[in-house]
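Here is a short report on one helix and on the salt bridges of a chain. Keep the sequence and the 3D view open while reading.

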Amino acid sequence: MNVLIVDDERLIVEDLARDVKTLYPNAVVDGVTSVHDALTLVQETSYDVALLDIDMPGMDGFALAKKLAQDCPTINIVFVTGHPDYALDAHELYCSAFLVKPIGVRKLRRAFQNLRRPFVDLPQDFSKEHYSGGDVLGKRLEACREQRGMSRKELAELMDVTRQTVFRWEQGERVPDVLTFVRLARVLGVRVEDLMGSLEQWQ
């Protein structure tokens, strides 16, 4: 699971990062204090969850959430703020949770347990244990899609292809090109490696 934390107060970023690691020791957590840094990171990493402050200089958390959703369509936005009066505006953006500071591990756990889009956490040996042969890529794609609660039709619409194309990818009848794989990973909120597996399995 990849988690992005954005708050203009460094201590809050550090506290949230510690709490996330307490709940999910294997999570990859990136914490920044500027919107610019957050927008740079999202170009390089597909995040499952973004914990966002709302009152920040330059761009508020609402505007940032919209930009993050453009780059990571499956990202879960969790607002963490000291202003409860922002709740209505936050939920109009279909956020996964709205937490009022201070939050602590208990509130954070409940937020992560009720994400709108549950994160994908496939084990590294997923393909070796469950599948073999030429359809490994398709089975990985299908597993990632299903764990997102996404239908083939929904994925097809996000990828600008037909439902039949997605079906053929998942059945191993067709293999997406490299650029399409990168886009699939971003749409599904996973790493390219999560779809392709390790190089060793192809040797």
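## Terms and model

A residue is called buried when its relative accessible area is under 20%, and exposed when that area is over 50%. Anything in between is partly exposed. The model is predicted.

Start with Asp7. Its relative accessibility is 2%, so Asp7 counts as buried. Asp7 forms a salt bridge with Lys101, and the closest N and O atoms are 2.9 Å apart. This pair joins distant parts of the chain. Asp7 sits in the loop between β1 and α1, while Lys101 sits in the loop between β5 (97-100) and α5; 94 residues separate them.

## Helix α1

Helix α1 covers residues 10-23, which makes 14 residues. At 1.5 Å a residue, α1 should span 20 Å. Its end C-alpha atoms are 20 Å apart, so expectation and model agree.

Which residues of α1 are buried? They are Ile12, Val13, Leu16, Ala17, Asp19, Val20 and Leu23. Seen down the axis of α1, these buried residues fall within an arc of 165°, so they line one face of the helix. An α-helix has 3.6 residues a turn, so residues three or four places apart point the same way. On the other side of α1, Leu11 and Thr22 are exposed.

What do the buried residues of α1 pack against? Their contacts are the strands β1 (2-6), β2 (28-32), β3 (49-52) and β4 (76-81), plus helix α5 (104-113).

The structure holds 8 salt bridges. One of them pairs Glu142 with Lys139, at 3.9 Å from N to O. Both residues lie in helix α7 (residues 136-147). They are 3 residues apart, about one turn of the helix.

Are Glu142 and Lys139 buried or exposed? Glu142 has 16% relative accessibility, so Glu142 counts as buried. Lys139 has 19%, so Lys139 counts as buried as well. The pair belongs to a network of salt bridges that links Lys139, Glu142, Arg145, Arg152 and Glu170.

Note on methods:
Residues numbered from 1 in each chain as written. Predicted model: local features only at pLDDT ≥ 70, side-chain atom pairs only at ≥ 80, totals over all residues. Heavy atoms only, no water. Helix = DSSP H or I, 4+ residues; strand = E, 2+ residues; numbered from the N terminus. Expected span 1.5 Å × (residues − 1). Buried < 20%, exposed > 50% of the residue type's maximum accessible area, 1.4 Å probe, protein only. Arc of directions from axis to C-beta. Contact = heavy atoms within 4.5 Å. Salt bridge = Lys/Arg side-chain N within 4 Å of Asp/Glu carboxyl O.
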